[in-house]
Amino acid sequence: MNNYTGRKRSDIVRKNISDGVRNSKHSEIMKSDVVRKKISIGLNKFFSENGGAVSRGEKHSKAVGKYTKGRFNVNPKNIYELSNRTKTKIIKRLELSCCICNWNEDSVDIHHIIAKKDGGVNDHYNLTPLCPNHHRLAGNKKIPVEKLITLEQIVGDCWKDVYYG
Ligand SMILES: [Zn+2]
């Protein structure tokens, strides 16, 4: 058997396998309610018997950084060095409110006091929490800069407690 035949044969095998998978009823079966119910009963049983296998609740909620997906940044200098997902979690966890109107019904926006396009950096002294309305106004320079309280002033190093737990 030469190389050519070898490659050819493996291509045929691969195609047969992929056809088999495509034609199988596996995906249909997985969608059925009975199977779904069985899976969910199985998972519930697993979680009730192996409580320690999953981190949740207080412990889980404290250390955003440790349980975050992806790379754990050991010594971030500001929240913008973290992934968007982690950054959002930290902002939520800090329960920041708009520094103009105190709105905090949902997570606040983080506004760059000096816009990035004007050379503003991601440091906390250039960031401020704003509600969507005030974010819009600040973006259009309708709020005097003196009125904006920086993230540095508001949270200081507290965000690190949330990150490291
Ligand atoms: Zn506001």
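1. The model is predicted. Read every point below with that in mind.

2. Overall make-up. The chain holds 8 helices and 2 strands. Along the sequence the order is α-α-α-α-α-β-β-α-α-α.

3. Burial and contacts. The chain has 165 residues, and 17% of them are buried. Among contacts with a separation of 6 or more, 49% join residues 24 or more positions apart.

4. Helix α5. This helix covers residues 84–93. Which of its residues are buried? They are Thr86, Lys89, Ile90 and Ile91. An α-helix has 3.6 residues a turn, so positions three or four places apart point the same way. The cover over the buried residues of α5 includes strand β1 (109–112). Helix α8 (158–164) is also part of that cover.

5. After α5. Glu95 follows the helix. Its phi is positive, near 50 degrees. This is a backbone value to look at in the model above.

6. Leu137. This residue lies in helix α6, which spans residues 132–139. Why is Leu137 classed as partly exposed? There are 15 other C-beta atoms within 10 Å. Buried would need 20 or more, and exposed would need 12 or fewer, so Leu137 falls in between. Setting aside neighbours within four places in sequence, Leu137 is in contact with Lys142 and Ile143.

Terms used: Residues numbered from 1 in each chain as written. Predicted model: local features only at pLDDT ≥ 70, side-chain atom pairs only at ≥ 80, totals over all residues. Helix = DSSP H or I, 4+ residues; strand = E, 2+ residues; numbered from the N terminus. Contact = placed C-beta atoms within 7 Å.
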